[in-house]
Amino acid sequence: MSKIVRMRGFLTFSPGVSPRAVRPIGVTCAAVAALLPAPPARAVPAAPATAAVPAATPVTAVGEPAGGAVPGRTRSLPLVPLSRTRAVGAAPEQGVYRAATGRFALVGVVWDDPGSALRGRARVRTRSAGTGRWTGWRDIETHHADHGADPGAADRAARPVRGGTAPLWVGASDGVEVRVRAEGTGGADGTGTGDRRAGAVRPAASSGLPSGLRLELVDPGGDAGGTADAGPGAKSGEPGEAAPGSGPADDPPHTELDTEASIAASGANSDITAFGATEIPELDRQATEDEMTLLLGPARTKPYIGPRPRIVTRRGWGADESLRERGFVYTKKIKAAFVHHTASGNTYTCAQAPSVIRGIYRYHVRSMGWRDIGYNFLADKCGTLYEGRAGGVAKAVLGAHTLGFNTDSMGIAVIGTYGTARPPGAAVTAVARLTAWKLGLYGVDPRAKTQLTSGGGNLFAKGRSVRLNVISGHRDGYATECPGKRLYAELGTARAGAADYQGR
């Protein structure tokens with residue numbers, strides 16, 4: 001294989017290099033820093049004071065940089081047994097209630113062992129920071145182990161990895177109550193919780209709940225929730241509130257941490273856009289083909305590639321690069337694209353999408369223990385595309401999105417929950433446009449099938465060669481509901497659209 005390292009618009013090839021964590025090369029940080037545009041003047045609101053909490057269930061900030069200079073914060077609340085579960089025969093139940101937590105906008109439940117599954121139900125209600133009203137109870141998707149790194153991957157080596165639910169966007173909130181109840185300890189439930197093969201999650205402990213349960217309260221920083229209540233019953237922010245392609249409405253937070261890590265993340269895209277860019281602009285077909293020639297050299301035949309779509313960069317959505325692990329990890333090529341939904345709910349507005357992504361990023365890194373956000377790309381309900389995992393949008397960055405099939409693939413997550421809700425057409429079109437371009441760079445037909453080798457999971461044993469659609473749903477590689485029944489039903493449309501954009 002070849003390791004491709006791009007700097008300032010040209011390529012260098014290092015033959016024989018295995019996929020591994022690679023630190024930025026060549027250009028000194030000082031020289032690159034001089035090329036970065038100065039961050040816009042921005043008043044960063046101070047984090048609200050955290051109310052006193054009884055010592056029995058402390059609120060702790062998890063893994064924040066010294067000095068607290070970075071906007072955003074993660075708080076952790078240990079769950080405790082609820083008194084009513086002491087009755088003979090009652091299912092184990094844990095929970096926590098806090099009426100004063102400081103502001104947050106995204107929640108999730110994590111536990112100690114990433115190999116244990118939460119076989120039960122997790123529900124949460126929150127208090128709006130804007131109105132002071134409590135929402136009704138909402139379910140948190142408990143089966144999330146299938147989104148993650150393959151066994152032995154870099155994500156599992158750098159820091160302790162935890163088990164966790166899907167993150168749930170709740171909007172600007174300052175009070176919370178959560179209840180987690182076991183639903184039995186035996187038998188298969190179709191999600192792989194009873195499978196002991198490599199990569200599959202194990203059943204929970206005999207108590208019915210995994211150990212070390214705690215609630216994560218994520219403040220993504222910036223204007224996370226706006227002034228609107230984004231809880232149930234609030235205006236859901238359907239496409240049309242923001243014009244498709246209009247991008248983030250809130251400026252990304254900028255702090256003194258615009259240093260080496262931020263420069264490296266921007267530099268990874270320097271082959272196709274300027275250092276420090278907040279977006280990668282769309283190109284027409286001819287300009288895309290010209291760019292492909294510059295990147296890969298002249299093609300023997302006319303390439304099948306879709307016009308490059310507009311992509312908001314990590315700097316554009318406000319990624320705090322100090323959170324993630326340093327360096328980037330690459331795979332050999334891109335042979336397939338797995339489509340996901342974030343299972344974080346549909347109550348966000350398109351203007352809030354950057355905040356949702358910052359929340360998911362923090363949850364994946366600080367709460368779950370991953371090296372970076374798991375998805376390579378995200379799309380919001382208005383069809384805006386976002387760079388996910390750092391390393392360069394045109395490169396074969398190894399993600400943590402489809403347990404067992406992260407190698408030689410990319411993961412695209414549509415922000416929202418699409419089990420019963422139909423995904424907006426703009427989001428499906430965004431998936432088609434992105435795959436037409438990215439798969440085109442690697443000479444792949446989006447209508448075709450491909451062979452991938454399983455890294456271990458509950459559908460395919462480790463080492464098994466599996467034939468899959470080039471554009472597959474997450475459930476094709478792992479027994480899971482993701483990307484939701486309604487989004488999965490749209491994948492045929494995405495395949496046909498991507499092929500059309502490629503000119504096939």
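Two strands count as paired if DSSP finds at least two bridges between them, and strands (E, at least two residues) and helices (H or I, at least four residues) are DSSP runs numbered from the N terminus. This is a predicted model, in which local features need pLDDT of at least 70, side-chain atom pairs count only at pLDDT 80 or more, and totals for chains, interfaces and linings use all residues. Residues are numbered from 1 along each chain as its sequence is written, and side-chain values use heavy atoms, with hydrogens and water left out.

An open sheet of seven strands runs in the order β14-β15-β19-β18-β20-β17-β23, with mixed pairing. At its edges lie β14 (279-280) and β23 (471-473), each of which pairs on one side only. The pairing of β14 with β15 (residues 311-312) is antiparallel and spans two bridges; I280 has I311 in β15 as its bridge partner. Helix α6 packs on the sheet, where it touches β15, β17, β18, β19, β20 (409-414) and β23. The direction of α6 makes about 165° with that of β20, taking axes as lines fitted to C-alpha atoms (for helices over the stretch in contact) and angles from 0 to 180 degrees between N-to-C directions.

In soluble globular proteins, nonpolar side chains tend to be buried together. A nonpolar core here is a set of buried Ala, Val, Leu, Ile, Met, Phe, Trp, Tyr and Cys residues joined through side-chain atoms within 4.5 Å, buried being under 20% relative accessible area, exposed over 50% and partly exposed in between (1.4 Å probe, protein chains only). The largest such core has 65 residues, and I311, L378 and W437 have the most contacts inside it. Helix α6 (residues 425-441) gives the most to this core, ten residues. Apart from it lies another core of 21 residues, including L77 and W111. Beyond four places in sequence, W437 is in contact (heavy atoms within 4.5 Å) with residues including T288, E291, P307, I311 and V393.

One disulfide is counted, the criterion being a pair of cysteine sulfur atoms within 2.5 Å. C350 and C382 form it, with their sulfur atoms 2.1 Å apart. The torsion about their S-S bond is about 90°, so the disulfide is right-handed. C350 sits in the loop between β17 (336-341) and α5 (353-367), and C382 in the loop between β18 (377-379) and β19 (385-387), 32 residues apart. Both cysteines are buried.

Confidence is given by pLDDT, the predictor's score for each residue from 0 to 100. The chain averages 79, and 71% of the residues score at least 70. Over residues 1-70 the pLDDT is below 50, and over residues 185-200 it stays under 50.
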